[in-house]
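Please look over the structure below with the briefing that follows beside it.

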2 protein chains.
Amino acid sequence: MTGSGTPGRPTTGNVRVLVVDDHQMFATSLAQALQSESDLLVVGQGTSISEARRLVASATPDVVLLDHRLPDGDGVGAIAELHRIRPSAKVVVLTATTSDRLLVAAMEAGAAGFIAKTQRLDDVVGGVRAAAQGESVVSAKLLARLLLRLRRQGGGSGAELTEREREILDLLAKGLSNADIAQELTISVHTVRNHVANLSAKLGAHSKLEVLSIAVREGLVDST
Amino acid sequence: MTGSGTPGRPTTGNVRVLVVDDHQMFATSLAQALQSESDLLVVGQGTSISEARRLVASATPDVVLLDHRLPDGDGVGAIAELHRIRPSAKVVVLTATTSDRLLVAAMEAGAAGFIAKTQRLDDVVGGVRAAAQGESVVSAKLLARLLLRLRRQGGGSGAELTEREREILDLLAKGLSNADIAQELTISVHTVRNHVANLSAKLGAHSKLEVLSIAVREGLVDST
DNA sequence: ACCCGTCTGGTGCGGGCGTACCAGGTACCA
DNA sequence: TGGTACCTGGTACGCCCGCACCAGACGGGT
């Protein structure tokens, strides 16, 4: 925003905010609550990634409050795309499930902030202001947990799943057996078994059941 | 609300509303949004069942907006208790996961309403007003789905889980094996197997994995 | 007293699953 | 050109699981 329309204002012009959450009543409530802050201007709200794409382009927000779980995809996965559409927009991820893995993924994707929904409304307001000024916003508690984990695992938290593994995880979450998955993807049962074994290793699980359990807890799959 | 089309209601007094949701920022946002309605008075907000108990007694609400998933238990399971504390209070269940089973459970527990979080904020406002007047509030879409299912299954949707089964389901959701569960509950593996088989039958699953998948989808377990 | 639902325990069998360990093909990068 | 990561497929072993079917114990309801 340097020089585009609003030249060198010290700090406070109105911060243009876009709210995206699949729970429409939450998006609307949050929008109203933010609107009551004098220095914030809610310029739009949406309930899906596709709406986010459209609104980021048309409503020219400074900060995007983006839910992690959206009906048409993963919010974190859409961050890069939103940045491509509007590079100056800062994205703050809102999430119901606080997972270290998710936090890392969001920050790596270029998120300016990461706030759990269990936090107070004030934290969102503060987070939006901070993000608008180019600061990063992460809950102290989450950050501590993350650092602890990084220290414990020697930075090797890069348990990133491959595309195929994520695909298999999704089918696993539907309750499909190895044979079902093999048929669905037209590959061998052995291959499925290998992928599942790799998933188990990466997630630290010892069975498909535990894989699913962890995946749900960490928000890696759509539970709806 | 938008004032247009609102039928002439008595407006005998302000409706006292209590908001309970584990996502504090949602509870606060919703509370603020409801507060802006002239005929509604938000008398409190909480993030757990224990807080709900306390606030129902001390804040004397007419309508309680209660989230389904709370940190210290199931919101639906707490409805009866809240009624015991304050019989005149109407409970409207808010839920992220729209499941027929959950809807039935909520209505049977004495809920005055059942609203999905994907619905509009106006629906909540209308739901609160309706509940205050003794009406039942259920989304037309949900109701249609429910009726369709009842017709299809001949009313056999009464797949209520026993206390023990729910207990085993929780452990299952943690990724524990049959042997682990047996040890945890100090019962035989055979018994666990029987319970799991009963769970499978009641949920219409064919494996533990599918049981967990369905349970998560229907919000029967804490995914966090 | 009787039935019914629930929790408890058991036997036996077949198949799916977890594990280990292997290797060919492909794509990408240094 | 070689290394690396990923997807693919395989073999083999043993255990756990799903299924069918059984039965005793306990509590509640008619």
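What follows is a short briefing, grouped by topic.

This is a predicted model, in which local features need pLDDT of at least 70 and side-chain atom pairs count only at pLDDT 80 or more, while totals for chains, interfaces and linings use all residues. Residues are numbered from 1 along each chain as its sequence is written, chains are lettered from A and ligands numbered from 1 in the order in which they are written, and side-chain values use heavy atoms, with hydrogens and water left out.

**The interface of chain B and chain A**

- The contact (heavy atoms within 4.5 Å) takes 37 residues from chain B and 37 residues from chain A.
- About 2,900 Å² is buried between chain B and chain A, and carbon and sulfur atoms give 67% of that area; buried area is the accessible area (1.4 Å probe) that two parts lose on being put together, summed over both.
- In chain B, the residues that lose the most area to chain A are B:His23, B:Met25 and B:Leu209, which together make up 24% of what that side buries.
- Across this interface the rule finds eight residue pairs in polar contact, both residues being at pLDDT 80 or more; a polar contact is a pair of N or O atoms within 3.5 Å, where within protein one must be able to donate a hydrogen and the other to accept it, and residues adjacent in sequence count only if both atoms are side-chain atoms.

**Strand β6 of chain A**

- Helices (H or I, at least four residues) and strands (E, at least two) are DSSP runs, numbered from the N terminus.
- Five of the six residues of strand β6 (residues 90-95) of chain A are buried, so this strand is largely enclosed by the rest of the structure; buried means under 20% relative accessible area, exposed over 50%, and partly exposed in between (1.4 Å probe, protein chains only).
- Strand β3 (residues 63-67) of chain A pairs with β6(A) in the parallel sense over five bridges, where two strands pair if DSSP finds at least two bridges between them, and A:Leu65 stands opposite A:Val92 in β6(A).
- Strand β7 (residues 113-116) of chain A also pairs with β6(A) in the parallel sense, over four bridges, and A:Phe114 in β7(A) is the bridge partner of A:Val93.

**Salt bridges within the chains**

- The structure holds 16 salt bridges over all chains.
- A:Lys117 and A:Asp21 form a salt bridge, with their closest N and O atoms 2.8 Å apart; A:Lys117 lies in the loop between β7 and α5 (121-132) of chain A and A:Asp21 in the loop between β1 (15-20) and α1 (24-35) of chain A, so the pair ties together parts that are 96 residues apart in sequence.
- A:Lys117 counts as buried at 5% relative accessibility, A:Asp21 is buried at 0%, and A:Asp21, A:Asp67 and A:Lys117 are linked in a network of salt bridges.
- In chain B, the side chains of B:Asp67 and B:Lys117 meet in a salt bridge (3.4 Å, N to O); B:Asp67 lies in strand β3 (residues 63-67) of chain B and B:Lys117 in the loop between β7 and α5 of chain B, so the pair ties together parts that are 50 residues apart in sequence.

Key: Salt bridge = Lys/Arg side-chain N within 4 Å of Asp/Glu carboxyl O.
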